[in-house]
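Dear colleague,

Please find below the structure that I am handing over to you, together with its sequence.

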Amino acid sequence: MTTWHVILIASAATLALKLGGYLVPAGLLERERPARIADLLTVALLAALIAVQTLGAGQAIVFDARVPAVIVAAALFALRVPFLIVVIVAALVAAGIRAFV
Amino acid sequence: MEERDTSTGRTTVLRDSVGVGLATAAYGISFGALSVAAGLDVWQTCFLSLVMFTGGSQFALVGVLASGGLAAGGSAIATAALLGIRNVVYGMRMKPLVDRGGLAQRIAAAWITIDESTAVALAQTDDRAARRGFWLTGIVIFVGWNLTTLAGALIGDALGDTRAWGLDAAAAAAFLGLLWPRLKRFQAGAVAVAAALVATLTTPVLMPGLPVLVAALVAVVVGWFDLFSRRSAS
């Protein structure tokens, strides 16, 4: 599998899902349980991605400059600082720690 | 008086759409830079923003590829697709409102059915305003997101050693930013903590990419049985 294969298959899948919402019979996902699972799925996937992106290094779990950077990011999101600024500050915190420690 | 109300309403839709649109489009910079850092080229990065055009899935795809490489390609596809499932729900909500006109217009509506276009539409009080909000927000983000993706990809290309610039931490912060607005309810918070724990604990024993998919099961279990819900189940 090449990178292009991954990109094409994943793009086709997500686009099909968008079209699917307009094609499935109304009411199927309006029911409480499927709607709740779809909602929580997003939360679980994003939380898992944060954990892996912050602590993972291949198959190892490491605590490095990413941890303080993410803690700073959480504090800034809590203070309602805009997304792009938080992302840049997080990068600067990690880069700063790596440069000076 | 009535006329003034209508024009005030129109201004509100315009302000909501452009405000949300520009703020969201700005994330494109971080996506472009992170995608190039993950090993995709500028074309591949721009293709994702044009065709996939759903931020969460795009960040997830390049995030999993960054940690697991092409060996994690299957997991990357699955994670992106699972994150795209919420767009099915949005499409069902938007269908009565925007599913009209020719085939091209209807496909375009589905294409721009994302978190923000749906949210702005749902925030309006009447159907006309909701329809305008949906299209305006979707189009502003589509144009902005693709331009900023290209800019971000070129910046990422120029940065070189992405770890030294802290781009790995930036990716984690980006996921946190996408998650943050979804944590208002206790159930969502509980799922987030449990999923993060499962992903962390399974990282040493599973192939890169799989821990995220295993953590998704937390949502299925909690959602199915409606655990940690403050409302009493009927």
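Which residue of chain A does the side chain of B:Asp168 meet in a salt bridge? In this predicted model, the partner is A:Arg98, with a distance of 2.8 Å from N to O. Two salt bridges are found across the interface of chain A and chain B, and 13 residue pairs, both members at pLDDT 80 or more, are in polar contact between these chains.

On the side of chain A that touches chain B, at least two residues come from each of helix 1 (3–23), helix 2 (32–55), strand 2 (60–61), helix 3 (66–78) and helix 4 (83–100). Helix 2 of chain A gives the most, with 22 residues. By type, this side of chain A comprises 47 nonpolar, eleven polar and nine charged residues.

The contact involves 67 residues of chain A and 92 residues of chain B. About 7,000 Å² is buried between the two chains, and carbon and sulfur atoms give 76% of that area. Of the area that chain A buries against chain B, A:Lys18, A:Tyr22 and A:Phe83 supply 12%, more than any other three residues.

Turning to chain B, its secondary structure consists of eleven helices and zero strands. Along the principal axes, the C-alpha atoms of chain B fill a box of roughly 65 × 55 × 30 Å. Buried residues account for 52% of the 234 residues in chain B. Among contacts in chain B with a separation of 6 or more, 72% are between residues 24 or more positions apart.

With kind regards

Definitions and conventions:
Residues numbered from 1 in each chain as written. Chains lettered and ligands numbered in written order. Predicted model: local features only at pLDDT ≥ 70, side-chain atom pairs only at ≥ 80, totals over all residues. Heavy atoms only, no water. Contact = heavy atoms within 4.5 Å. Buried area = accessible area lost by both parts, 1.4 Å probe. Salt bridge = Lys/Arg side-chain N within 4 Å of Asp/Glu carboxyl O. Polar contact = N/O pair within 3.5 Å; in protein donor to acceptor, adjacent residues only side chain to side chain. Helix = DSSP H or I, 4+ residues; strand = E, 2+ residues; numbered from the N terminus. Nonpolar A, V, L, I, M, F, W, Y, C, P; charged D, E, K, R; others polar. Buried < 20%, exposed > 50% of the residue type's maximum accessible area, 1.4 Å probe, protein only.
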